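Morning, everyone. One chain today, a few minutes. Here it is on the screen.

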Amino acid sequence: MLQMKRPRKTKYNAFPLHVKTGDTVMVVSGKDKGQTGTIRRVFKDRGKVLVEGVNKVKKATKPNPMFGIQGGLVERETPIHASKVMLYCLQCNKPTRIKMESLADNRKTRVCKHCQAQFDS
Ligand SMILES: [Zn+2]
């Protein structure tokens, strides 16, 4: 099988992402298109995100009695590329693009392009 070469790990933010852990996102491309879920983890070095209930694969697992693992085909989520997800606005109930806005106390927040709802306030 052809193995994809992973990008080299860097100290800084190699892939600036528009999403964070805990965000609600909608998948806009691929086999899970249309699904919404919460971001569990962000892999900044690979530009990928792990979304709850999205991109499930069946993994053949060996039983390991030491850790109480039964073995067999275990379904689990795998990370998908961050470009496949869009931030989901809970106020206008649709996936949205964001813009940055400064708050009064010099912090920055992501703002919904449609309804101006703030995501990090
Ligand atoms: Zn909105």
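A definition to begin with: two residues are in contact if their C-beta atoms, placed from the backbone, lie within 7 Å. Take the contacts in this chain between residues at least 6 apart in sequence: 42% of them join residues at least 24 apart.

Two notes on the source. This is a predicted model: local features need pLDDT of at least 70, side-chain atom pairs count only at pLDDT 80 or more, and totals for chains, interfaces and linings use all residues. Residues are numbered from 1 along each chain as its sequence is written.

Now the elements. The chain has zero helices and 10 strands. Both are DSSP runs, numbered from the N terminus: helices are H or I with at least four residues, strands are E with at least two.

Let's walk across it. β3 and β6 run antiparallel, joined by two bridges. There, K48 stands opposite H81 in β6. K48 in β3 is also the bridge partner of F43. β2 and β3 pair in the antiparallel sense over four bridges. They form a hairpin, with four residues between the strands. G47 sits in that turn, with a positive phi of about 70°.

Next pair. β1, residues 24-27, and β7, residues 85-89, are antiparallel over three bridges. V25 stands opposite L87 in β7.

On to burial. A residue is buried if 20 or more other C-beta atoms lie within 10 Å of its own, exposed if 12 or fewer, and partly exposed in between; the C-beta atoms are placed from the backbone. Of the 121 residues in the chain, 20% are buried.

In soluble globular proteins, nonpolar side chains tend to be buried together. A nonpolar core here is a set of buried Ala, Val, Leu, Ile, Met, Phe, Trp, Tyr and Cys residues joined through C-beta atoms within 7 Å. The largest one has 17 residues. V19, V25, V49, V51 and V85 have the most contacts inside it. Which elements give two or more residues to this core? They are β1, β2 (36-43), β3 (48-51) and β7. The largest share, five residues, comes from β7.

Last, V51. Leaving aside neighbours within four places in sequence, V51 is in contact with V25, V27, G37, I39, R40, I80 and V85.

Key. Two strands pair if DSSP finds at least two bridges between them.
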